[in-house]
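Visitor: Hi! I'm new to looking at protein structures. Could you walk me through this one?

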Amino acid sequence: MICALAVACGGDDWEDDEDDYGKIDHAGVITGTGTPSPVQTQEVTPTPEERKLVLCLDPGHGGRWQGAIYFKCEERNLVLQLAKEIRAYLNEHYPEIEVYLTREDNNVFSNDIGPDLRARVEFAVEKKANILVSLHLNASESHNLRGTMVCISKQPNINGISKELADCLMDATESLGLKRRGYETRNSGDTFDENGVPVDYYAICRHGSSLNIPAVILESCFMDNEEDFKYVKDEAAIKRLAAAEAEAMAKFLISHYGSNQ
Ligand SMILES: [Zn+2]
């Protein structure tokens with residue numbers, strides 16, 4: 001299949017480097033700080049001018065992490081293109097939404113997966129983002145799974161709002177014909193908070209909870225399945241997916257964070 005981003009790849013070896021979105025590092029130790037820091041509760045009432053809507057997009061992987069590689073395409077490149085198309089769409093149609101990307105190219109914050117994923121969430125917080133959406137593409141061992149899945153935090157401070165955001169995103173991809181796989185939450189098997197409750201397994205969600213920002217991982221489709229891969233196979237397909245996801249993000253931001261004056 002022709003790919004708009006035909007990139008020479010090193011073979012189908014991504015599983016050896018399956019840090020993905022920072023689940024567990026190579027030593028099998030959960031990355032990041034482990035115990036979430038206390039939720040920040042300070043409340044400052046912004047002026048209307050300050051109530052700009054802010055979206056942070058995190059194109060997954062990058063740096064030495066290629067992500068999945070199928071049909072001669074690397075996940076890290078496809079999700080970067082998707083992020084840029086979402087930003088372009090929002091800039092054109094929703095100028096009131098400020099959009100930041102955690103990376104513009106293959107440069108990442110750190111070559112260590114743990115600090116890198118933490119830095120991505122800290123970047124979103126620094127930019128005062130309302131939400132952080134980490135963009136990924138899925139793959140399965142059987143190569144026959146399809147559809148959109150959203151990984152969200154189980155922690156109560158962001159679980160509810162993450163579910164709403166996930167629903168909004170899945171409504172959008174479903175409207176394009178993608179199967180709706182639903183939410184995914186996962187507990188760490190070996191790291192617990194001070195009350196003995198397991199922390200989130202997915203680093204982006206875990207740090208999102210500890211820094212009190214709704215942070216979800218959007219797995220738009222399965223790039224190892226030919227039918228799903230059609231959704232990212234070339235520039236036109238990515239633009240179409242980006243427009244639907246951008247509309248969903250805009251709708252969510254406006255309904256949850258928009259000022260009504
Ligand atoms: Zn990924």
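Guide: Happy to! Keep in mind that this is a predicted model. Let's begin with a pair of helices: the axes of helix 1 (residues 75-93) and helix 6 (residues 235-257) come within 8 Å and cross at roughly 55°.

Visitor: Why give an angle and a distance?

Guide: Those two values, the angle between the axes and the distance between them, are how two packed helices are described.

Visitor: OK, so what do we call the way helix 1 and helix 6 sit to each other?

Guide: They are oblique to each other. The crossing of helix 1 and helix 6 is also right-handed.

Visitor: Which residues meet there, in helix 1 and helix 6?

Guide: From helix 1, the residues are Leu78, Gln81, Leu82, Glu85, Ile86, Tyr89 and Leu90. They meet residues of helix 6 including Ile238, Leu241, Ala242, Glu245 and Met249. The residues of this contact between helix 1 and helix 6 divide into 12 nonpolar, one polar and five charged.

Visitor: New topic! How many disulfides are there in the whole structure?

Guide: A search of the whole structure finds zero.

Visitor: And what is a disulfide, again?

Guide: It is a covalent bond between the sulfur atoms of two cysteines.

Visitor: What about Cys168: buried or exposed?

Guide: Cys168 counts as buried, because its relative accessibility is 11% and the cut-off for buried is under 20%. Cys221 is buried as well, at 0% relative accessibility.

Visitor: Where are His61 and Lys72?

Guide: His61 lies in the loop between strand 1 (53-59) and strand 2 (69-70). Lys72 is in the loop between strand 2 and strand 3 (73-74).

Visitor: Are they buried or exposed, His61 and Lys72?

Guide: His61 counts as buried, at 5% relative accessibility, whereas Lys72 is exposed, with a relative accessible area of 61%.

Visitor: One last stop: where is Met149?

Guide: Met149 is in strand 6 (residues 148-151), and it is buried, with a relative accessible area of 13%.

Visitor: What does Met149 touch, leaving out residues up to four places away in sequence?

Guide: Met149 touches Asn138, Arg181, Gly182, Glu184, Ile217, Leu218 and Glu219. Take Leu218: Met149 and Leu218 are 69 residues apart in sequence, but 6.4 Å apart in space, C-alpha to C-alpha.

Conventions:
Residues numbered from 1 in each chain as written. Predicted model: local features only at pLDDT ≥ 70, side-chain atom pairs only at ≥ 80, totals over all residues. Heavy atoms only, no water. Axes fitted to C-alpha atoms, helices over the stretch in contact; angles between N-to-C directions. Helix = DSSP H or I, 4+ residues; strand = E, 2+ residues; numbered from the N terminus. Parallel < 35°, antiparallel > 145°, perpendicular 65-115°, else oblique. Left-handed = near helix turned anticlockwise from the far one by under 90°. Contact = heavy atoms within 4.5 Å. Nonpolar A, V, L, I, M, F, W, Y, C, P; charged D, E, K, R; others polar. Disulfide = S-S within 2.5 Å. Buried < 20%, exposed > 50% of the residue type's maximum accessible area, 1.4 Å probe, protein only.
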